[in-house]
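Please keep the structure open while reading.

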Amino acid sequence: MFKITQKNNIITKKPFECKRDHLTIRGTEYRPTGESLPIAIVCHGFMAFQDTVKQYAIELANMGYLTYTFDFCGGSVIKGKSDGLTTEMSVLTEVKDLESVLDYAASREYANQNDIVVMGCSQGGFVSSLAAAKENYNIKKLILFYPAFCIPDDARAGKMMSARFDPNHLPEVIQCGPMKLGKCYVEDVIRIDPFQEIKGYKNDVLIVHGAKDEIVNIKYSKKAYKTYRDISADRKARIEIIKNGGHGFSREIDKIAKEILNDFMVS
């Protein structure tokens, strides 16, 4: 455990563990001073690990949120600390991981379980949107950076990034660049309509997407924004397109994204 000082705030950073089924999820808690703290959970993307989103965790902790990052079970190529095989990971297992972390965070005596923010990047954004739609938690704000709503369409087309396969005759193992996926990865999403699934979420949502994203076509975020906007007139639904942003933001683009994040959180 150690403390970091940001913007005159003292944030205590320490590791945490929780369980999903027989697997241990490992992550990091960023705790600002105070009690009854609102909660924020930040989810990393496909093949990544928790430190790739820690800048957002620190940003949210500076706003007074009890913030958590974590490694999805089987969701990392390198540096992931949680249990689980990549061949047993899917979008739906990651939804369960996120729910376990939400349960853990809500059980802390210094947390306010009635005020929750969930944020996700890429696949983590898709996962966050599915978890939020279940309405099992008091999620007040949903933040999606370049969310991968394309995953079900990619599965149906037999292509996921560098992976190619026959969706009607799935192999047991699918090689996707440096990561080995199990056929469960495809089976769990191939019949999903993401824009129907996300309709259960009724509160505020922010989508940030780069105009030069070559992995997730921006049309998916535009359709998600329209879906969110049309379901509830009472919510704040917002989309921001960053002119030179790709998939995964550079340091320069990330400064813009964090400014948008800050503005959304205080609005």
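Where is the place of S122? In this predicted model, S122 lies in the loop that runs between β6 (111–121) and α3.

- S122 has a relative accessibility of 9%, and because buried means under 20%, S122 counts as buried.
- Apart from its neighbours within four places in sequence, S122 is in contact with G45, F145, Y146, P147, A148 and H247.

**Helices α2 and α3**
- The axes of helix α2 (residues 91–106) and helix α3 (residues 123–133) come within 9 Å of each other and cross at roughly 65°, which means that α2 is roughly perpendicular to α3.
- The crossing of α2 and α3 is right-handed, and the contact is made by V91, L92, E94, V95 and L98 on the α2 side, with Q123, F126, V127, S128, L130 and A131 on the α3 side.
- Sorted by class, the residues in the contact of α2 with α3 are eight nonpolar, two polar and one charged.

**Nonpolar cores**
- The largest nonpolar core has 64 residues, and those with the most contacts inside it are I41, Y68, F70, L98, F149, M160 and Y228.
- Helix α2 gives the most to this core, contributing eight residues.
- For M160, leaving aside its neighbours within four places in sequence, the residues in contact are I151, D154, A155, F165, C176, Y185, V186 and V189.

Note on methods: Residues are numbered from 1 along each chain as its sequence is written. This is a predicted model: local features need pLDDT of at least 70, side-chain atom pairs count only at pLDDT 80 or more; totals for chains, interfaces and linings use all residues. Side-chain values use heavy atoms; hydrogens and water are left out. Axes are lines fitted to C-alpha atoms, for helices over the stretch in contact, and angles run from 0 to 180 degrees between N-to-C directions. Helices (H or I, at least four residues) and strands (E, at least two) are DSSP runs, numbered from the N terminus. Angles under 35 degrees count as roughly parallel, over 145 as roughly antiparallel, 65 to 115 as roughly perpendicular and the rest as oblique. A crossing is left-handed if the near helix is turned anticlockwise from the far one by less than a right angle, and right-handed if clockwise. Contact means heavy atoms within 4.5 Å. Ala, Val, Leu, Ile, Met, Phe, Trp, Tyr, Cys and Pro count as nonpolar, Asp, Glu, Lys and Arg as charged, and the others, Gly among them, as polar. A nonpolar core is a set of buried Ala, Val, Leu, Ile, Met, Phe, Trp, Tyr and Cys residues joined through side-chain atoms within 4.5 Å. Buried means under 20% relative accessible area, exposed over 50%, partly exposed in between (1.4 Å probe, protein chains only).
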